[in-house]
Structure formats: C-alpha cells, structure tokens
Amino acid sequence: KKALFSMFASSPEQLIMEQETEQVAEVLEERLQLEAVASGKVAAPLTEHFLRSGYQNCKISLNKELCLQSTADSPSVRQILVERPDGTPYACGDHLEVMPKNSETQVMRACMRLGCHSDSLVVVKTSSGTEDELPQGQTLSIGDILTHYVDLQALPSQETLASLVKLASKSQEVQTLRQLSEVKEDSEYDKWKSKCLSILDVLEEFRSISIGFSRFVEVSPKIHPRLYSIASSPLLRGSTVELCCRVAQYTATPLNQQSARTGLCSSMLAAAESVICRVKEAPHMRLPEDHSKPIACVCGGTGLAPFFGFLQERDALRKQGINTGIVHLYFGCRNEVDFLHKSQLEKWHEEGLCSLKVSLSRPESGSKEYVYHRLRAESASVLELLGDGPKAGYFYVCGSASTLAKDVTNVLGDLLSESGDAIVGFTKLNELQDSGRVIFDVWG
C-alpha cells in the first residue's frame with residue numbers, strides 16, 4: 001500500500017479528505033470595468049471592431065425556404081445567397097464564418113432584468129484580458145454590447161454560476177447555485193443542463209441576484225462565430241456565396257415551463273438582409289486535382305452543403321468539356337419533405353453527373369434506411385473506390401461527428417477489415433485519411 005500511494009501526491013488520509021471536500025467551479029475574476037459616460041458622447045458601433053478583424057458586412061440577395069413543408073419533424077431549412085466578401089476568393093469546401101447577434105426582444109429582456117437602458121453609454125476602462133475582450137477605451141452603447149457581445153441564449157458554465165453565488169441574497173438560491181457549481185461525476189449541473197437555460201433564464205429564476213452591468217457582461221457566455229459550409233462553386237456563383245442553413249429548434253424549461261426556442265445564429269440568418277461574415281478556408285475539404293476521379297459523398301440534411309458545391313463545380317467543368325468522374329451521393333433525409341434541392345439533384349442524376357442514393361429514416365411508407373445501411377448494401381463498389389484499382393477515388397463525409405460520422409466510420413472500418421479483424425480495418429482507414437483519400441468535415 002505504501003508503494004502504491006507513493007506514486008500519488010496525496011496520502012490515503014488526504015485522499016479521503018479530498019473526496020469529502022466539495023470541488024466547486026472557479027469564480028471568474030473581476031477585471032472588466034465599464035464606466036457610465038454622459039449621453040452627449042458618440043458611441044462607436046461594436047461592429048466596427050469586427051470589421052477591423054477581417055469581417056465584412058455583406059448583403060443577402062436570396063433567403064428562401066428549401067423544405068417543401070416546415071414541420072416539427074422537418075424544421076425550416078433556408079437557401080441563402082450572401083454577397084461574397086470583397087477581395088476574398090473561395091473554393092468548394094470552404095466555410096463562411098458568420099457573426100451572430102441577439103434579437104431586439106432578448107436585448108430588451110436583458111435590460112429589463114438588469115435595470116438599464118439600451119441607449120445608455122459606457123466606456124471600456126479595463127478589459128477582461130481574454131481573446132474575446134471588448135475594445136479598451138471605446139465608448140459603446142449598452143444595447144450594442146448586449147446585441148453583439150454577450151450570448152443571451154447560451155447555457156451558462158459552472159464558472160458563471162459559481163460567480164453568481166455571492167450575488168444572491170436568498171439562502172435557498174445560494175444553496176442551489178452552490179450545488180450547480182459543484183464539479184463531480186453525475187453532478188447537479190449535468191442534470192440541469194438538459195433544461196437548456198440561458199443566463200437570462202437564470203437571472204429571472206434567481207430573483208435575489210443583484211448584479212451590475214459590468215459584472216453581468218464579464219461572467220456571461222460570449223457570442224462566438226459560427227461556421228457554415230459553403231454550398232456553391234465559384235465557377236457558378238463567383239460574386240455570391242450560397243448557404244444551406246437549418247434553423248435549429250430546441251425546448252427549454254425555464255421555471256419548469258416548456259418554451260420552444262430557435263438557435264441564435266440560424267434564426268438570425270433566416271430573417272437577415274445582411275450579415276457580418278468572412279470566408280474561412282478549409283484546405284482539407286477539396287475536390288481531387290484529377291477531375292476524372294470518382295468520389296463518394298456521404299451526408300445527411302444540411303451536410304449536403306459542401307457536396308452541392310462540389311456538384312456545381314463538376315457540372316461547370318463538364319460544360320467546359322472537361323471529363324469528370326461520377327459523384328456517388330449518399331444522402332440521408334427524414335422523408336421526402338426535407339429532401340433538399342430535390343429537383344436539381346435528380347436532374348444531375350439523370351444527366352449522369354452523379355449517382356443519387358437517398359436514404360429515408362422516417363418514410364411515410366416502407367422501411368426506414370440510414371446512409372450507412374446503403375453503404376453496407378453497396379460494399380463492393382465502396383471497396384472499389386477505396387482500393388487501388390482503376391475505379392479508385394475519394395471518399396467524403398459531412399455531418400454530425402456523434403451520429404452520422406461515427407456510424408460511417410464503423411461501417412468503413414468493418415468493410416476494410418480482413419476476416420473481421422477490426423484493427424486491420426481501422427488501420428487501413430487511418431492510412432486512407434492520412435493520404436487524403438478519406439476526408440471528414442464534421443461538427444458536434
């Protein structure tokens with residue numbers, strides 16, 4: 001036992017004491033100082049701070065619904081054409097980095113709880129010292145900070161909740177916040193996260209919390225840019241960038257009352273006439289230099305986006321007389337309702353540009369199928385594409401890392417294995433990834 005415990009910093013007695021001692025999330029430092037200024041001063045728009053960081057304010061020329069019918073099972077998906085950021089080229093597979101903003105309703109809600117006015121001005125005397133800090137010395141409006149800087153919909157971290165403990169005056173609320181701040185396995189916070197509450201929900205539930213504007217801004221989650229795969233080719237849309245954006249939907253339970261909500265950035269885009277954005281290169285997500293090579297593209301829902309750009313590119317090349325390889329598109333949808341770009345994909349299929357293989361997970365009739373079922377059913381052609389023969393090509397996956405990408409990875413490992421040896425299969429898969437012939441573009 002002595003030999004065993006000598007390997008650790010703690011003695012057996014200390015370990016017992018540490019287990020009995022509650023581990024609480026760290027309270028965020030108080031560094032940010034926002035000082036009120038006279039209303040006669042002119043505030044600098046916070047958006048100028050982003051524009052100096054390479055973002056541009058780009059107009060949206062088209063914003064329309066892609067789904068045949070938007071329902072709870074098939075939520076809204078928007079086709080959005082954004083003016084290409086000036087002087088910024090892009091390639092198929094790149095991303096558009098979008099800066100979201102809070103709605104006016106959320107900003108007014110925050111002002112009401114904090115007891116401040118959106119048109120009041122503050123100057124940033126001392127910044128937070130973080131990467132996403134406010135510009136020091138700038139005069140800003142409270143409304144601008146709440147609109148573009150604080151994420152009023154994001155789930156507060158345990159550090160945020162720990163920072164609110166000493167600001168609450170009711171003992172029951174203090175106790176609850178402390179419990180939510182405890183860092184341990186199967187914690188209260190882990191259970192509480194499923195409520196999908198925001199910082200505003202917390203302040204409205206814990207009414208005894210008294211917090212100033214500076215401290216609220218400092219401890220709240222911050223707005224971060226979102227990446228959207230570009231769904232177009234510059235050969236077709238040179239002056240614009242196309243997006244395929246699903247409006248995220250979720251249910252929160254503030255005060256144990258269910259509340260339907262939508263994602264911060266996707267709901268903003270769905271109603272936007274312009275957007276602050278910039279192109280972000282994705283050099284791993286490129287079509288083969290040899291246009292004649294066949295490719296397989298596996299996706300579900302809006303994971304179609306980069307491959308729609310790939311197809312536009314190969315269609316444009318074919319019209320220039322260039323020989324292009326077949327695109328095997330394995331596309332997963334819930335049902336016919338959210339079969340995105342159906343008419344265009346079917347047209348390309350009829351023209352021989354692609355081989356369209358649609359899997360419906362919630363069909364109105366018949367048995368359900370996922371894309372990995374179709375990959376297993378077509379294992380011979382998949383292995384030919386992954387092999388070294390005349391039909392060798394490239395294999396792309398775009399979708400959720402925890403669902404689609406995980407399932408496809410398991411299928412590929414299984415197909416590449418010899419005599420059921422999983423180690424052999426995944427070793428080959430890793431080699432194909434290292435050589436750039438199997439490419440993943442995933443999220444979540």
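## A guided tour of the fold

Buried residues make up 48% of the 444 residues in this protein. Keep in mind as you look around that the model is predicted.

**Stop 1: the whole chain.** Start by showing everything as a cartoon. You will find 17 helices and 16 strands. The C-alpha trace spans about 70 × 70 × 40 Å along its principal axes. Now think about contacts between residues at least 6 apart in sequence: 74% of these join residues at least 24 apart.

**Stop 2: the surface.** Next, colour by charge to find 46 positive and 57 negative side chains. The centres of these two sets lie 2 Å apart.

**Stop 3: strand β8.** Select residues 240–246, which form strand β8, and pick out T240 there. Is T240 buried or exposed? Its relative accessible area is 15%, so T240 counts as buried, the cut-off being under 20%. Show its neighbours too: leaving aside residues up to four places away in sequence, T240 touches S61, L81, V82, E83, R84, Y90 and S232.

Stop 4: Select helix α15 (residues 379–386) together with helix α16 (residues 404–416). Their axes come within 11 Å and cross at roughly 80°. That angle makes α15 roughly perpendicular to α16.

Definitions and conventions: Residues numbered from 1 in each chain as written. Heavy atoms only, no water. Helix = DSSP H or I, 4+ residues; strand = E, 2+ residues; numbered from the N terminus. Buried < 20%, exposed > 50% of the residue type's maximum accessible area, 1.4 Å probe, protein only. Contact = heavy atoms within 4.5 Å. Lys, Arg positive; Asp, Glu negative; His and termini not counted. Charge placed at Lys NZ, Arg CZ, Asp CG, Glu CD. Axes fitted to C-alpha atoms, helices over the stretch in contact; angles between N-to-C directions. Parallel < 35°, antiparallel > 145°, perpendicular 65-115°, else oblique.
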